[in-house]
Amino acid sequence: MPAVLCILFLLVLLCFPELCVRGAADGLALWLFTLVPTFFPFVFLSNLMVSCGAADDISRFCGRILRPLFHVSASGAYILLMGFLCGYPMGAKLTAEFVNTGRISGDEGCRLLTFCNNPSPMFLVGFVLSDCMQKPYSRAGTLAMFYAAPILTGILFAGIAARKDSLFKGIAARKKTFTAKISARKSSLFSEAARRKKSFAAEIAAQKVSTKETLTLTSNAHPAAESLQPAGEPTVMEQIRASMRDAFATLLYLGGYVILFHIGSALILSLAGHFSSDTYPFFCLLTASLEMSGGAAYLAASGLSAGFVNLFVPLCVIFGGFCIMAQTAGLLSGSGLTIRPCIIGKLIQTGIAAGIYLLIYLLQ
């Protein structure tokens, strides 16, 4: 199957070179002028805080506030905070790293994936609200759609996790009581065997005295192994260099996906000219489902009604698109986590956001 996809992609590049080059150029421009300025500072800062230990202090502080609401650990609270501030796919990246290092469990990581991967405030204010939304629209209502959807999703899964924990605690308590009863019954049966075993062990120990003396003399004949010097703590400049290197590596990784999916968006939009104008909204939504940033820009420039644009631009950004899903799946590789919780969470968030939009529309 991968070989077939590679051959098909090669044929597309050879048959439609102009479209592919234009799509790749648009994706590169979006990555360079939008994603890098809005994403790099947060990724670099997050990496630096983790390496220098500042993330632990933030985790303890945020954990006191977020634990009762989202049923997360201190490290999980830090992931949630960075997921809201840094944007896609920082929440998934930190979740995979913290699961690999043992700072959070796999179960907590799966639950965090349902609501920790979100667009950043800089991306929302600097790109979506300023360049993509059509006037008139409710700025406060739109921001409520973006933030209320993941928060409500997190509360929903926190309640499920709390019930699951209480159920497991009850089962564990009953198991402990049953085990204690069995142990009490077994103690009387094995007491005689324990006394015999003790006397037998004493005889064996007496026989081994001469052997231990021989081994001691032999071991004294060999020089002791030199102890290894512990590695020193990295300097501040080393931490900055490592954080910057990881941030640029992450950005290059994301840029590759953005360019590839923009090529697909350009091919899809080229097909719209062969169909009636009534199908154009469908093609715009299809491009937005592939890559949210370019899709939102296409929707804004489509000439469609303000109501249509102001509904589906936030929904596409909240869902993230298949480009974000592919980025997330790649970042989760090797952590034991799958993309399924993220997809389920995004579908729930999209439904909640649509309900909020409908409520705002009815109240106007």
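Leaving aside neighbours within four places in sequence, which residues is Ser293 in contact with?

## Ser293

Ser293 is in contact with Leu30, Leu35, Phe123 and Phe127, apart from those sequence neighbours; contact means heavy atoms within 4.5 Å. Ser293 lies in helix H12, residues 292-300. With a relative accessible area of 1%, Ser293 is buried. Buried means under 20% relative accessible area, taken with a 1.4 Å probe and protein chains only.

## Basis of the model

This is a predicted model, in which local features need pLDDT of at least 70 and side-chain atom pairs count only at pLDDT 80 or more, while totals for chains, interfaces and linings use all residues. Residues are numbered from 1 along each chain as its sequence is written, and side-chain values use heavy atoms, with hydrogens and water left out.

## The chain

The protein chain has 15 helices and zero strands. Helices (H or I, at least four residues) and strands (E, at least two) are DSSP runs, numbered from the N terminus. Of its 364 residues, 38% count as buried. Among contacts in the chain with a separation of 6 or more, 77% are between residues 24 or more positions apart.

## Nonpolar cores

A nonpolar core is a set of buried Ala, Val, Leu, Ile, Met, Phe, Trp, Tyr and Cys residues joined through side-chain atoms within 4.5 Å. The largest has 46 residues, and Leu94 is one of those with the most contacts inside it. H2 gives the largest share of this core, 10 residues.

Not counting residues up to four places away in sequence, Leu94 touches Ser46, Tyr78, Ile79 and Met82. A second, separate core of 27 residues includes Cys132, Ala300, Leu315 and Ile318.

Notes: Buried < 20%, exposed > 50% of the residue type's maximum accessible area, 1.4 Å probe, protein only.
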